Amino acid sequence: MKITRGVVITEPGSTALEETGSWRTFKPVIKYEKCIRCMICWNYCPEPAIEKQPGENYPVANPKLVKMEIPVINYRYCKGCGICVNECPTKAIDFVREEK
Amino acid sequence: MVMMMLKGNEATAYAAKVAKVQVIPAYPITPSTLFPEKVSELISNGEMKAEFIPVESEHSALSAAIGAAATGARTMTATASQGLALMHEVLFIASGMRLPIVMAIGNRALSAPVNIWAEQQDTIAQRDSGWLQFYAENNQEALDLSLIAFRVAEDKRVLLPAMMGMDAFVLTHTMEPVDVPDESLVEKYLGPPEQKYPTLNPSQPSTFGAFVFPEHYMEFRYSQFVAMEHSKKVIDEAFEEFKNIFGREYRKVSGFMNEDADILLISMGSMTGTAREAIRKLREKGEKVGLIKLSVFRPFPKEELVEITKNARIVAVVDRNISIGFAGAIFTELVASYNNIEKKPKILNFILGLGGRDIRVEDYIEIYNRAKEAENRGVKEIQWINVDEDAVYEVEGPL
């Protein structure tokens, strides 16, 4: 651990060092075969812990969507708030109890 | 060096002048109002170059002081009683951010009942805020200890804010001859106001007062604890250097006629002069009594106090404050200082002078007599001096 006197932070980006994933009790899990890649979850995630990634190699709900980006949850930062689970229009996100 | 007739508040204002304090945010409150008055007068006369910030409350005064100190400016303010109480949450922010602000306090009782007179409750109530605490016996000490406070607070081994307490009216509004040192000597003592810690600087943006999770918070608090422990040595060095440059000697704990004393009185602040007079009178009668004066309350000089009191039979601690539900603060901490020490004197607590009630030589003689009684029989550990117990009996019933 490294601290400074008086909590003075001279380099930007220190919040990213705080891995809020440890706060989770429930964990969102995306079922890609039901995901229509609308990115509503990505839009609503307050952290943000949902990242856009190329979707070619993921299961797909409709072959027309294969070239679109998919949402991927970064569990280092996902606090398990469940907003994405609630907002998903196709119910493609499961909310399962965290097992640590 | 210039000898001037100064009130305590003015002495601390001159301390700000000779220390070349750069920013003074202040809000007036009795009995500290003369400090902002005198400082703004010195600035408008062109005798002092500083930014005076009139604010809308004490909370804002200390908040502005934090902003100023965070830029690296030498910063001072003053307050008392309810004003200090209003600063309460900001005190912890200043010490947590490790900003070497110096604040002069006119020690005054807290409401209710409303009372503007001398009592040390206001600063004692802030003893856990992470600030160093000095207490002056007279106006010369008020000026000197303000300079010493800057030297210790700004030391790289410390970087903690400091309060300098002086009793309301007895010091704040009483004129005494005060030696105001030359600015050049003070500059030699303090060094120029310079940035000794990371500061707000547009060319190097930084985050101040950041949010900290449980994973890190304790380390910052421990860091303050360690710095306060380090300050004990730094204070001794600052006293020594002060004596070398200005010729006046200070100690955290100093004794008067204490060498062979069976009974020791402990005192802090302006009433120490009265205590000294009482000790002289008792010595003339052949009583083996001495006096210990406390000039620093935070860090609490427990090693020195134990060393100087350990051979006495009885120690009578005089507190001008009371923690309702236990005892006076100096008593409490002296007793705690003797924890794990086998041989200890009998320690008694005497509460007096609250809300500006006069402290007379006779009161100290009364304290001595009551302490002496304890040699032969058990006496109450905590006793109130010069208080009408019958009046309280009427409303509260028996204790």
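Tutor: Start with Ala162(B). Leaving aside neighbours within four places in sequence, Ala162(B) is in contact with Val102(B), Trp131(B), Leu132(B), Phe134(B), Ala149(B), Val152(B) and Ala153(B). Two residues are in contact if their C-beta atoms, placed from the backbone, lie within 7 Å.

Before going on, some conventions. Residues are numbered from 1 along each chain as its sequence is written, and chains are lettered from A and ligands numbered from 1 in the order in which they are written. This is a predicted model, in which local features need pLDDT of at least 70, side-chain atom pairs count only at pLDDT 80 or more, and totals for chains, interfaces and linings use all residues.

Ala162(B) belongs to the largest nonpolar core, which has 123 residues; Ala162(B), Ala149(B), Met164(B), Ala316(B) and Val317(B) are those with the most contacts inside this core. A nonpolar core is a set of buried Ala, Val, Leu, Ile, Met, Phe, Trp, Tyr and Cys residues joined through C-beta atoms within 7 Å. A residue is buried if 20 or more other C-beta atoms lie within 10 Å of its own, exposed if 12 or fewer, and partly exposed in between, with C-beta atoms placed from the backbone. Helix H7 of chain B, residues 139-154, gives the most to this core, with nine residues. Helices (H or I, at least four residues) and strands (E, at least two) are DSSP runs, numbered from the N terminus. The core draws at least three residues from each of domain 1 (2-246) and domain 2 (253-396) of chain B; these bounds come from an automatic or database domain assignment. A second, separate core has 15 residues, including Cys41(A), Ile50(A), Cys88(A) and Ala92(A). In soluble globular proteins, nonpolar side chains tend to be buried together.

The two domains of chain B also meet directly. Their centres, taken over C-alpha atoms, are separated by 28 Å, and 28 residues of domain 1 of chain B are in contact with 19 residues of domain 2 of chain B. On the domain 1 side, the elements giving two or more residues are helix H6 (121-124), strand S6 (132-135), strand S7 (162-167) and H9 of chain B. H9(B) supplies the largest share of that side, five residues. The residues of that side divide into 14 nonpolar, eight polar and six charged. Here Ala, Val, Leu, Ile, Met, Phe, Trp, Tyr, Cys and Pro count as nonpolar, Asp, Glu, Lys and Arg as charged, and the others, Gly among them, as polar.

Finally, compare two residues by their surroundings. Ser81(B) is in helix H4 (residues 81-86) of chain B and has a positive phi, near 40 degrees, although it is not glycine. Ser81(B) counts as buried because it has 29 C-beta neighbours inside 10 Å. Asn386(B), in the loop between strand S15 (382-384) and H14 of chain B, is also a residue other than glycine with a positive phi, near 60 degrees. Asn386(B) is partly exposed, with 17 other C-beta atoms within 10 Å.
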